[in-house]
Amino acid sequence: MGFSAPNSAEAFVWDARGKASFSDEAFATESFENVGARRGFTVVGDEPAIEGERFARVRDVDGEAYLVLREVKDASSFVGRLFVRDGRPIVRLDVRYPESSGIARRVAVFHPTGAVTSDGWYEIASAPVPVDGRARPTVALSIALSPGEASADVDAFELVPDGTFRPVTTCDPTLPSPCGDDGYCAAGVCHDGDGGVPPLPPEPDRRRFVAYWRARLDTFYGGVASRARGLPTALSRLDAISDAKSGWAFWHGFTGALRSLRDWHTLTPPPFEVLAYGPFPVCFVEGDADASRAIAPSDPSLADVLVSHTATDQSLGFASGDRLVAVDGRHPIAWAEGLDDVDWNAWHADDPTVHAEAVERLGYLLPRFAKEVSIVHCIRSGPTAGTCGAVETVPVASLRTTGTTRGVVCDHRPALHVPVTSDVAGTHAFGGPLFGLLRESTAAEGFYGLVWNAMSSEDPFAPALATMRRDARGVVFDHRRGDGGSIAAIEGFTRAFRAPASLGVATNPLRTVGLFDAPFGATEGLAVVAALRGTGSVFAVGAADARTDLRVALLLSRAGSASDFLAHASRGLAHVRTFGRRTSGALSSYQAFESTGGFAFQFGSGDYVDASGATHVDHGVVPDEDVLPRQSDLLADRDTVHERALAWLRAGAP
Amino acid sequence: MRRPGRRYVATFVASSAAVVALASACGETKAPPSTFVPSDAGVTMPTTDASPTISDGSVPSDAAVIRTRATRSPMGRMDVPRNLFLDGDFEFTGASDLMPWILVADDRLGPLPFSTGGACPSGIRCGRVGAGQELYGAVASPKSDAFRVSVWVGLPDVRSASPDAGPSRALTCADVTVNLVDLGQGNGDPETSLQAFEGRALEGENACRFEGLAAPSFARFLYVAVAAKPDTLGPGRFLRVDDAVALPTTDPFPSALGPATSAARRVPVLPGSREDVALRRASALVAGLRGNAASGRRSPGVAFPRSRP
């Protein structure tokens, strides 16, 4: 069912002055002449419109501007067309059915057709979207602004019959290509891939695109080890999309090539909504299933997967300490990491031995791409507390929440150990850093906790660091979810607790052709260090007035990018000790890109070279103590990693 | 003009002669595909910023042409695959984040505004830079060979200023600076220099092409910086930047971009100079983005709020 780009030559009708009229076949139109009363739209009449006398400027839109279109009564298929200017709005045809119909929502995203005008307008159009009017759907035009954009002009929308109606079909995600080459299976339903991606580029653009992005990756992607590991496969997969027969095959293939790099900074978030059975407010961690190993043996190379915490209002029957044994017959980590060809959000550590990213995302993946889960439930209270039942295998479709849920953030933390509100304690949702005396400590003992996920600026940390400098005798840095931040902020942060040192150089995004190509050894690394000596690229940490008498325990579970740098800066110090899991090995920067229709992606770029000339991308920082949460501890509401760190603080206290 | 069941398309190309010729084609003749301007094949469009003009620059009457049409590749110029610019024509650049082009304005990064459609010479999108702002385009350098850089800069039409902008004069290429800079330096080293490219006016366009041969920069954080010189741009006026190409001298350069040029001029960056201040500011701002994955995990848009995947 390959999609060919809407032919701009057949859209609208133009007069000699360059004014457009709607086509006779249009089922619904919008001139934007009088739409100013709608939220997000301002009518503009003092500049020439594409059609009619006025157009609309979309701005101050909180979310999306939304226009409900004429009612569709039959089983039909439509294409939408619109002219836009001075921006890249994300425009969608949105077909929503009453919940009682059981029909999944369908959305088609608009992309440029190539038609432009001398006064800055360009045409965008959707792929054909089927509409089953018999089920009384609401068909709407949704317009959102791209990130960072303040406004965009829109004019001349028409909805034209095009394509053939195709009903929604069900699918089995465990089968190969369950929806053919032009769609994907999510929540047991086939989704039309073409509706969410740009059209298939015509030749010669298709082959030029492949050559162009081949050169982007070859010139700008990665560090020394990540290029050697991932680039050959990615380039090979990129070459293969030249022969794609549909927009979905082409763009899914392009993003799949990027995902095959398996790089922490390389991301291809889908520009379309991937439907789920429903929320799955359950968080998992890598753990040690000491309470259920006799029931289900552990994998020799992958950690066990345990429930860390759940939403407080809905938990789908899961509780802290339960174990996820398998998904569709495979170890949960192997299953999750095998979804790259399905899951546009796939996310990997650079270090191939690190799997925390996959475990963190299970709550997203299971209700979309799994058919069955095998679970061990355990007893948390009463005389049989700490014991576990037999393995149960249940269909994921049966694990549905009722009504809404407050949700929960998966942060690899079974508990928060500083004073927080009940809401934060229940959801693990917080913005800035959390700081305070550890719940298990006293003012006299003086052990504090600092909990954060990302550090883009030192400023929000200043009050905590000031208190820590003044009052603390020891501190637990709970960075078990390490989203990174900026290297400059990490440098500033370390000035509180470590002696000064220049540890190496961060090359920033890769900007020298062939810099990291093989052979690259210590000689080449030292040449990079020498070239960047004395520049802002030096990773300079610590300060002369740092509190090097302060014992610092750094907790790590999933840490990448600037969080890798923090772990690196914390190594080899007698008063600082790291607990938890190896970091992601993403000691680089990245390059972000944005195309049309909300299609954005990025890839890692650069490397970190230490003073010996060794590069660090792909090599996560090994913690001083590799500690996994124990199932028996989770069942008793104990936090294994935190307790180990606290014990170390206490052991060293004078 | 319209007949049921048939499609009639009046097709316009961007020259005054073609507009006149096609006036008789309105209505009854289905436009053959060949009358469309091919994708990015050296299209010359009126270069005003969204002003309703015809190509001789006069203001049209009601009966005159409001706009002309053309087709472009939405992916822009891809016929130079080894282009050392990360995204030479802005088609894969967004308004914020660590994008191929970033704007420094009012001591902060971005957001980067864009012109679109026929206002840009390649693809459907180009960057804008206003008074007091600098636009930085990411570019790679060969390890040891020189490389040739070429950037198109559209000058503002005098009439494009907002009504309250006050008097404005036509800009020339001499009012614009295009330099190769290292945003990783940030140390005020008195031996630091930037490489300045010379601009030449493009015939028939209110635009310039800045070109030059750049010396290689090993392991540096390279950008090409575009800005208007102080006191040349008023409020509401901006430069358009597009179609940037850089290639090693060992690669053939697209002949349409002009003849070979001389080496870029080395300009010392003296501590405290305007260039030094601008570089330090940009370096510090970009440093705040490096390694920032929190902003890197981008949402596809605001229409579909979702949990972190």
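Which side chain of opposite charge is nearest to the buried A:Arg368, and how many Å away is that side chain? In this predicted model, the nearest such side chain belongs to A:Glu273, at 6.5 Å, and A:Arg368 has no salt bridge although the residue is buried.

The side chain of A:Arg368 does, however, reach the backbone oxygen of A:Tyr364, at a separation of 3.0 Å. When neighbours within four places in sequence are left aside, A:Arg368 is in contact with A:Cys185, A:Ala186 and A:Ala187, and also with A:Val274, A:Leu275 and A:Ala276.

## A buried leucine in a loop

A:Leu339 belongs to the loop of chain A that lies between helix H4 (332–337) and helix H5 (356–360). With a relative accessibility of 9%, A:Leu339 counts as buried, since the cut-off for that word is under 20% relative accessible area.

Apart from neighbours within four places in sequence, the residues in contact with A:Leu339 are A:Leu365 and A:Phe369. A:Phe369 is 30 residues away from A:Leu339 along the chain, while the C-alpha atoms of these two residues are separated by 8.3 Å.

## Aromatic pairs

Over all chains, a search of the whole structure finds 52 aromatic pairs. In one of them, the ring centres of A:Phe55 and A:Trp121 are 5.1 Å apart and the ring planes stand at 85°, so this pair is edge-to-face. The pair links distant parts of the chain, with A:Phe55 in strand E5 (residues 55–59) and A:Trp121 in strand E11 (residues 121–125) of chain A, 66 residues apart. A:Phe55 counts as buried, at 0% relative accessibility, and A:Trp121 counts as buried at 0% relative accessibility.

Another pair is formed by A:Trp251 and A:Phe254, whose ring centres lie 6.0 Å apart with their planes at 90°, so that this pair is edge-to-face. These residues are three places apart in helix H3 (residues 247–259) of chain A, which means that about one helical turn separates them. Both A:Trp251 and A:Phe254 are buried.

## Arginines over rings

In chain A, the charged end of A:Arg216 sits over the ring of A:Tyr212, at 4.1 Å from the centre of that ring. In chain B, B:Arg148 lies over the face of B:Phe253, with 3.9 Å to the ring centre.

Note on methods
Residues numbered from 1 in each chain as written. Chains lettered and ligands numbered in written order. Predicted model: local features only at pLDDT ≥ 70, side-chain atom pairs only at ≥ 80, totals over all residues. Heavy atoms only, no water. Phe/Tyr/Trp six-rings, centres within 6.5 Å; stacked < 30°, edge-to-face > 60°. Helix = DSSP H or I, 4+ residues; strand = E, 2+ residues; numbered from the N terminus. Buried < 20%, exposed > 50% of the residue type's maximum accessible area, 1.4 Å probe, protein only. Lys NZ or Arg CZ within 6 Å of the ring centre and 35° of its normal. Contact = heavy atoms within 4.5 Å. Lys, Arg positive; Asp, Glu negative; His and termini not counted. Salt bridge = Lys/Arg side-chain N within 4 Å of Asp/Glu carboxyl O. Polar contact = N/O pair within 3.5 Å; in protein donor to acceptor, adjacent residues only side chain to side chain.
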